[in-house]
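I opened this model to see how the chain is built and where a few residues sit. My notes follow in the order I looked things up.

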Amino acid sequence: MDYKRVFDTMVSETAKYLSENGLKTMVLGFSGGLDSTITGAICHEVVKQNPEKQFTFIGVSLPCSSNSVEENDSASMAMKAFSNKCWVENLQAQYLLMKATCEQHYPSTPISQGNIKARLRMIYLYNIASVTGGLVMDTDNLTEHNLGFWTIHGDVADYNPIGGLWKHEVYELCKYLFTERYTDEDDPRRHALKAAYDIMPTDGNGVAAGGDMAQIAPGHTYEEVDDILNTYLQQGDNEQEMKRLVDAYGAETVERVLARHRGSAFKRKRMPLVIERSLYDS
């Protein structure tokens, strides 16, 4: 894939959407992870390449106690490198209050507690977008969409530049950016991208220890998970292809991934606007 074309298309399509809808502000919650950092780079270039439009990019880090120091440091680095305006707002107190309120009638679970955090962050981000005439940027990728690895009314937002990319392709896009686009060793944008590339991906909500793969497919990689999902979406239950996947990754892993895909179908009924990969992948 031509990642220069991918990135340039994401920047131009985002600018086009803002202009066509009379929007001036992009609001993004920086988690410290790869997806939000890449989305931040896209927003940064939208502002930089369209000075006549006077777009503004607001980046905010909204940690709770479940976010690691490494994640918080990476988020801070990224929002300072890419945003016009940025700050940190710790939501731990608000989370504990809402958790206690919810638990008055039903006990919470690790997943429901993670959902509370994600939805509190979105309340905060949408308030900024509302008062600044903007939209909230979505940071989920194609792998997450197909696994249901996101929170309804939580980390799903308005407009998603990277939603057409599988997770392993997001890694490749990031690598292109810090090796070919932002090449100055002293460039904070390069440092932010490299930090996000190297960090262990997590949901940031403390749902499970060990990062994303501990929940999705322990012992495997995003490239392998993407192969399972993409093959299933293209070939369905084709016997030969299913045998190839089972031989390569094991029956338990294949079924675990596909069960997550099938079980989250209801979440994909209503998705944010996504830049379709047909615009850059030919």
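**Burial and overall build**

I started with burial: of the 282 residues of the protein chain, 50% count as buried. I keep in mind that this is a predicted model.

Next I listed the secondary structure and found 12 helices and six strands in the protein chain. The radius of gyration is 19 Å, close to the 19 Å that the globule rule gives for 282 residues, so the chain is as compact as a globular protein of that length. I noted the span of the C-alpha trace along its principal axes as about 55 × 55 × 35 Å.

Among contacts between residues at least 6 apart, 73% join residues at least 24 apart.

Charges came next. I found 28 positive and 39 negative side chains in the protein chain. The centres of the two sets lie 5 Å apart.

**Helix 8**

Which residues of helix 8 are buried? In this helix, residues 188–198, I found Arg189, Arg190, Ala192, Leu193 and Ala196. Seen down the axis of helix 8, these buried residues fall within an arc of 165°, so they line one face of the helix. I then asked what they pack against. The partners are helix 2 (34–49), helix 3 (69–82) and helix 7 (167–181).

**Thr14**

I moved to helix 1, residues 3–20, where Thr14 lies. Is Thr14 buried or exposed? Thr14 has a relative accessible area of 1%; the cut-off for buried is under 20%, so Thr14 is buried. Leaving out residues up to four places away in sequence, I noted that Thr14 touches Met26, Ile42, Val46, Met137, Tyr159, Pro161 and Ile275.

**Tyr95**

Tyr95 lies in helix 4, residues 92–102. Its relative accessibility is 5%, so Tyr95 counts as buried. I looked up its contacts, again leaving out residues up to four places away in sequence. Tyr95 touches Cys64, Gln113, Ile116, Lys117 and Leu120.

**Ala118**

I found Ala118 in helix 5, residues 110–132. Ala118 is buried, with a relative accessible area of 6%. How far apart are the C-alpha atoms of Ala118 and Gly154? They are separated by 4.6 Å, although the residues are 36 residues apart along the chain.

**Positive phi**

Last, I looked at backbone angles. Gln54 has a positive phi of about 55° although it is not a glycine. I placed Gln54 in the loop between helix 2 and strand 2 (56–61). With 63% relative accessibility, Gln54 counts as exposed.

His153 gave me another such case: its phi is positive, about 60°, and it is not a glycine. I placed His153 in the loop between helix 6 (142–147) and strand 5 (159–160). Is His153 buried or exposed? Its relative accessibility is 53%, and exposed means over 50%, so His153 counts as exposed.

Conventions: Residues are numbered from 1 along each chain as its sequence is written. This is a predicted model: local features need pLDDT of at least 70, side-chain atom pairs count only at pLDDT 80 or more; totals for chains, interfaces and linings use all residues. Side-chain values use heavy atoms; hydrogens and water are left out. Helices (H or I, at least four residues) and strands (E, at least two) are DSSP runs, numbered from the N terminus. Buried means under 20% relative accessible area, exposed over 50%, partly exposed in between (1.4 Å probe, protein chains only). Contact means heavy atoms within 4.5 Å. The radius of gyration is taken over C-alpha atoms; the globule rule is 2.2 Å times the number of residues to the power 0.38. Lys and Arg count as positive and Asp and Glu as negative; His and the chain ends are not counted. The place of a charge is taken as NZ of Lys, CZ of Arg, CG of Asp or CD of Glu. The arc is that of the directions from the helix axis to the C-beta atoms.
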